[in-house]
Structure formats: structure tokens, C-alpha cells
Amino acid sequence: KRLLCVQINKARIMNKKLRSLFSSKGKKDADLFHGKEAKSIPLKNVKLWSTEVVGAYTGPKCGFTKLDLNTEDGPSRENVAGSNNWNMPTEFSYGISLSLYETLPPRNGASQGFVGDPIADVFGVLTLENSAILALADGVGWGKKPRLAARCAVHGVMQHMAANMAEIRASPNTHCIANLLLEAVTEKAHQLILERDATLSTLSAAVLCELEGEEHAWGLVTVTVGDSPVYVYCPHEQKVTEVSVGSHQHDGQRDMRMSGGTLGPSKGKDPDLSNLSLAYMTLFPGDIVFCTSDGISDNFLSSVIDPVVVGTQAAPTPACVVSKTAPHASQQCCESAAHMTEVLQKHHQTVGKHLSAQTLCACLVNHVAILTEQKRLSHSLLDNTSPDFRTLLKQVPGKLDHASIVAFQVDLHHKIVSTTGL
């Protein structure tokens, strides 16, 4: 009983601190800046980076820690990108990968996995005492080589940023971070894919750090190539904003068959950086940054959620905030963010608690898994040799794909570490 009372009191203290964290100050409207080089974002000083690792997590399986075509086991125990333990998920830094495809028929009573195996997405998140690095890559197509490309892409970013912390400490500002992140994505990650004879991959990477001279403020710098978007969820406003709107086409249309850009031998030995986008946003305590593969984001488009209705009439375009520095980014670009907002608001109303990075990941993944269930069953129940199969399938909600998400909650780990004594 005494132990139970102690645990209850600790939980009450934690909830009180979290309520104070979210309600003490309203979040200011944050400007979103876009471009392709460091000078296109604000120059802000950041606090000196601590090298103390608070959390490190990668997946699926070994994630980016092993650059082998056939490796299927867990993360390496060797030091990679500043940590020798990449199996440290926390509620403030978390990721999930799963397959939305249907299962293969069992053979001799044994499971054969899913159509499209192995999962070709890879994610990683490294949490330091006052900063964080996130990356997510989506290997183009099915097979081990696309997965290897994704592993190389995330490895290249995480290793380059971790190896150059001294440079950031020497020039602690957002332009230094932006230049290093651009170099990590367009050079290091791409070159590693070529060296390992892998194929193509998208890549989104984000760096977060505390700003100097701005109370409670954090800076977010992102670089995106392809169709693996980056979002921010603000718990105070209960709203999702897409940070990577600068990577969309000028007309705002989304062709789910095209990634828009890739690392790897896309044009000879060169990458396709057509939709390369650098972005900056100022964040505040409680905000959650998350990167997704298109297996998550596309399942929040109206044409995927309700293909029959959208196919017969114009779907209403959800309102969204578009960056002043990315005027070509139309409202349609932000459609997935608007639908994510609806889902997370419903979750908040049902549970009555603020989301953590872990619960946000679980909520969005659970939503797309439920949305795509009917389509998975259709593959099993319908005759796929029928000429009407594809027509019927287009009327079923959801998009089957590999689905991955990685998230980090700003500043929250300071409160949790100090409260729990970890």
C-alpha cells in the first residue's frame, strides 16, 4: 500500500507539472520559413549543445545502425552516431514502422509475413539534453535494396550531424545547423547510398535546439527530399502544421505515384533534388515534431479517406496556414495536416490528456491501420484476376504501403527527467 501511495503521488506531481507546462503560456504564432539554402531562414543563436544522450531509438529492426543488405536483427551495440544503445525509446522521443499490406498465405502452417516485405522505411531519433536529431527515409519500391538505401540515408544524416557537434558548438546558430544538415542530406547520405550499391530513397531530417536569449523557445531546422513530410503538432492550439510545404509542387497537387525527389542514383549517379526544401520554425514546450513516410501522410488525404465521394464531387479544401516565404504552397498541400488535426483533436477529447510523442505516433498509426483494413480484406476476398478488380479496389478507402513515423516532443524530457530522477 505504501509503495502504491508513493507511485500515485509521483503520478500526481507529474500531471501537475505537465498541466503547468502546457497552460502557463499561450504559444505565439510562429512564422514558417522556406528555401534551399541557409540564408533563406532566420539567423538565430542557439544554446551550446550538450553531448549527454537522453534517448536514442531507431527502427524497424536494426534501423540505420547496420548497413547490410540482409540484416534482420536488432540495433547494433557499437557506438553509432553518438550512442551505443539505439533501443532507448521514450514517451518524448519515439517511432513506429509497420506494413499496411495484406499478409501472405501461410506455408506449412508457418507465417510468410506481408506482401511487400521487408519494410523499406527507416527512422532514427537521437535526444540530447538540449537538442534532438530526427530522420526518416522511405526506400523507393519493394525489396532489400530500397531498404538498404533508406538505412544509408538515415545513417548518413545521423552520423554527420553527431560527428560535427564541435562545429555547431563553435558557431552555435541556425545557419551553421542548416548548412550541416543540407550537407548531410545532399552529400553524405547520397554518397553512402552509392557506396553500398543501394537504390533510391526519400529523406526528411530535422534538428531541434534551444534558442539563446528567447525564453522557452526552440528552433526547428528541417531538410526534405521526396514525399516524406515533416509536421508540428501544437497542443495549446490542438493543431497540426506541415513544415515541409516548400517541397510540394507549385500547383499544390499530390501525385501519389511520384516521390518528387530522391537520393541515390536517380539521374545517372546524381540525386533528384527537384523538391529539396529547407525550412525553419520556432517552437515552444510541448510542441511535437514528427516525420512520416507517405504511407502515413497519404492516408490523410480526402481522395484516400473517401475515394467514392471525392471521385464524384469536389472535396472541400481544409483551411491551413501557408508560409509567407513559400507562396506557391496551396491549401491542398496542407490537407493531410488538417485531417491529422481532426484525428488528434478527437483523441484528446476522448482521453482528456495532452499527447506525448509516443501517444501521437500510436494514434496516427492506429488511424491508418483501421482506415486500410477494408482494403487489406478486399485483396483476400475479391478475385484479383477479375477485370473489375482494380475498379472495385479504387472505391475502397485507404492506401496500402509501408507506414512509418518518428516524433520528438520539445523540452518535455527536461521535466520528466527532473521529476522522475532518471
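Modeller: In this predicted model, Ser-204 stands opposite Thr-224 in β8. On its other pairing, Ser-204 of β7 has Leu-136 opposite. Residues are numbered from 1 along each chain as its sequence is written, and side-chain values use heavy atoms, leaving out hydrogens and water. Local features need pLDDT of at least 70 and side-chain atom pairs count only at pLDDT 80 or more, while totals for chains, interfaces and linings use all residues.

Helices (H or I, at least four residues) and strands (E, at least two) are DSSP runs, numbered from the N terminus. Strand β6 (residues 131-139) pairs with β7 in the antiparallel sense over nine bridges, and strand β8 (residues 218-225) also pairs with β7 in the antiparallel sense, over eight bridges. Two strands count as paired if DSSP finds at least two bridges between them. Strands of a sheet pair through backbone hydrogen bonds, either parallel or antiparallel.

Leu-203 leads on to the core. The largest nonpolar core has 54 residues, and Leu-203 is among those with the most contacts inside it, together with Trp-49, Val-157, Met-158 and Met-161. A nonpolar core here is a set of buried Ala, Val, Leu, Ile, Met, Phe, Trp, Tyr and Cys residues joined through side-chain atoms within 4.5 Å. In soluble globular proteins, nonpolar side chains tend to be buried together. Elements that give two or more residues to this core include β6, β7 and β8, along with α2 (144-163) and α4 (174-195). The largest share, 11 residues, comes from α4.

Met-161 touches Val-207, as well as Ile-133, Ile-168, Ile-177, Leu-180, Leu-181 and Ala-184, not counting residues up to four places away in sequence. Contact means heavy atoms within 4.5 Å. A second, separate core has 51 residues, including Leu-32, Val-243, Val-365 and Phe-408.

Elsewhere there is an open sheet of five strands, in the order β4-β15-β14-β9-β10, with antiparallel pairing. From one strand to the next the twist averages 20°. β4 pairs with β15 (residues 402-409) over seven bridges, and there Gly-95 has Val-406 as its bridge partner. Helix α8 (residues 335-351) packs on the sheet, touching β9, β10 and β14, and its direction makes about 160° with that of β10. Helix α9 also packs on the sheet, touching β4, β9, β14 and β15, at about 20° to the direction of β4. Axes are lines fitted to C-alpha atoms, for helices over the stretch in contact, and angles run from 0 to 180 degrees between N-to-C directions.

To set these parts in the whole, the protein has 12 helices and 15 strands. Among contacts between residues at least 6 apart in sequence, 77% join residues at least 24 apart.

Key
Buried < 20%, exposed > 50% of the residue type's maximum accessible area, 1.4 Å probe, protein only.
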